Amino acid sequence: MTTAFIIYKIILVLLVFAVSLGIAAYSTYAERKIAAFLQDRLGPNRAGPFGILQPIADGIKMFMKEEIIPNVSNKFLFVLGPAIGMLTALMTGAVIPWGPNIMWHGESLPLQVTDVNIGVLYLLGVVSIGVYGIMIGGWASNNKYSLLGALRASSQMISYEVAMGIAIVTLIMMTGTLQTSAIAAEQHSFWNGHYFSWNFFKNPLTFLIFFICALAETNRTPFDLPECETELVGGYHTEYSSMKLGFYLFAEYVNMFISSAVMSLFFFGGYNFPFMDKISDPNIVALIGTLVMFAKTLFFVFVFMWIRWTIPRFRYDQLMNLGWKILIPLSLLNLIGTGLGMWGMGKL
Amino acid sequence: MQSLTNRSKVVVKKEMSFTEKLYLPAVLNGMRITLSHLFKKKATISYPEKERPRSSVYRGEHVLKRDENGAERCTACGLCAVACPAEAITMVAAERKKGEENLYREEKYAAVYEINMLRCIFCGLCEEACPKEAIFLTDRIVPTEFERRDFVYGKDKLVEPVDKRVDVTKRQTAAVLEFKKHPEFAHNKLWDPSRSLKTKKAH
């Protein structure tokens, strides 16, 4: 492990950190803009041209707000909650390959913070810890609405993580690896000679299940019951104010960005794009590949918002029905079907 | 049983079909509709830059008129305050001193005249009550303020400047003009130079 290697990794870590936060900040702006446009409004357009300084104004506002810690709350856990939420949201970006390797002084450098061989498990694990942020925050607030929101969040997470896990198992069966960089490399280019190389075209049903579960995992509409305003005031963050509230709201956007990145990585080829073999310079491939990766990711972020401003939220029993009675059997059938299909094609 | 109106409908609680139970076709259809709105013309009017067209008889911020010679028409009779259903108008009357004839049209005038714009409902009853054609509502919009007290408009804001008259002819519909021909309102007529000479002689 040379000094250059460590410096390179530190730069990469800071870049991923900054980009995740930057995109999350501008997701708040995009959300408001898209919401407005879908409702025939203009959205924020006063702070700077087209309102592009709005996230900064929002950030300043959040920091300026009064910091309130309820007397009856568990103060340590109350502060810990949003911190965990934010930490886990930012940790997931570490195993995602953001682009093809770049060549620098004859050395091939991966655009990935760490290429662990159990990257998929790492993602699942960190995302599961994320719910602790919500649970701890909701419980420590000592408020019945917060507690109900936290309970909903955790039960929803548990319900949908099962289906999501099975969908990922199906994916792993197809790819044969838990390494995120290998999953990306397997979907090389767009056409592998006789079929599309992206996993989505091999098994669209897995993507559908994964996508629905990702909506539930990030607490987005139609599964945003933990912060259901009409029933629970603000849900798990009812008692939060100032930047602690900002962290919760922000973590949701970081999670959205990361799960979009994971979806484009798992199912839509990540940084791969058609005719990438025609370009000889690896650095240009890396540049275009990274841009393609971000384009796919931002498209999914858009889809998340598009869904949010289209459909209403599920009722709680509908949510549980969908999770346990439909998605889990469906993903199990999908798993068996994929297995049979692979056996039929002689790939087992 | 015969229904009374024939408008009642039998509610059918039919089982959802398979495609309906899938939800996805309906969700996709909804998403198609919302996406089409992404490119539609926006309904928003960016207010301070652009204003939506208002009626020519719009009832907005009040103005206290001056007559042709620049003297305030208001005589502090208090009929507007009595007429006001929101009790937004208050005034203090004073007597005109010698030499102030060019400032106040009548012998009595309003030393203080205040309208609380937060109370005002812009009904226009003050304008209707005024026998002196002194108060009018205009098509101007009361601007926003940060402090409550700034919404209490005094004479400094209400009386029109001598050199920047506020046009209220749009509020004077044909019916209103016809009504004002009544001899009872002769005192509001255009200033007649001969009449003014006569009044000066009378003094």
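Start in chain A by selecting helix H5 (residues 144-175) and helix H8 (residues 204-217): their axes come within 9 Å and cross at roughly 150 degrees. Axes here are lines fitted to C-alpha atoms, for helices over the stretch in contact, with angles from 0 to 180 degrees between N-to-C directions. H5(A) and H8(A) are therefore roughly antiparallel (angles over 145 degrees count as that). Helices (H or I, at least four residues) and strands (E, at least two) are DSSP runs, numbered from the N terminus.

Next, show the side chains at the contact: H5(A) brings residues including Tyr160(A) and Met164(A), and H8(A) brings residues including Phe210(A) and Cys213(A). Contact means C-beta atoms, placed from the backbone, within 7 Å.

Before moving on, a word on the ground rules. This is a predicted model, where local features need pLDDT of at least 70, side-chain atom pairs count only at pLDDT 80 or more, and totals for chains, interfaces and linings use all residues. Residues are numbered from 1 along each chain as its sequence is written, while chains are lettered from A and ligands numbered from 1 in the order in which they are written.

Now hop to chain B and pick out its open, antiparallel sheet of three strands, in the order S2-S3-S5. Strands pair if DSSP finds at least two bridges between them. S2 (89-95) and S5 (152-153) of chain B are the edges. Zoom in on Ile115(B), and you'll find Tyr153(B) of S5(B) opposite.

Last stop: where the chains meet, 10 residues of chain A are in contact with 11 of chain B. On chain A's side, select H1 (3-38) and H11 (282-308), which each give two or more residues.

Technical notes:
Parallel < 35°, antiparallel > 145°, perpendicular 65-115°, else oblique. Contact = placed C-beta atoms within 7 Å.
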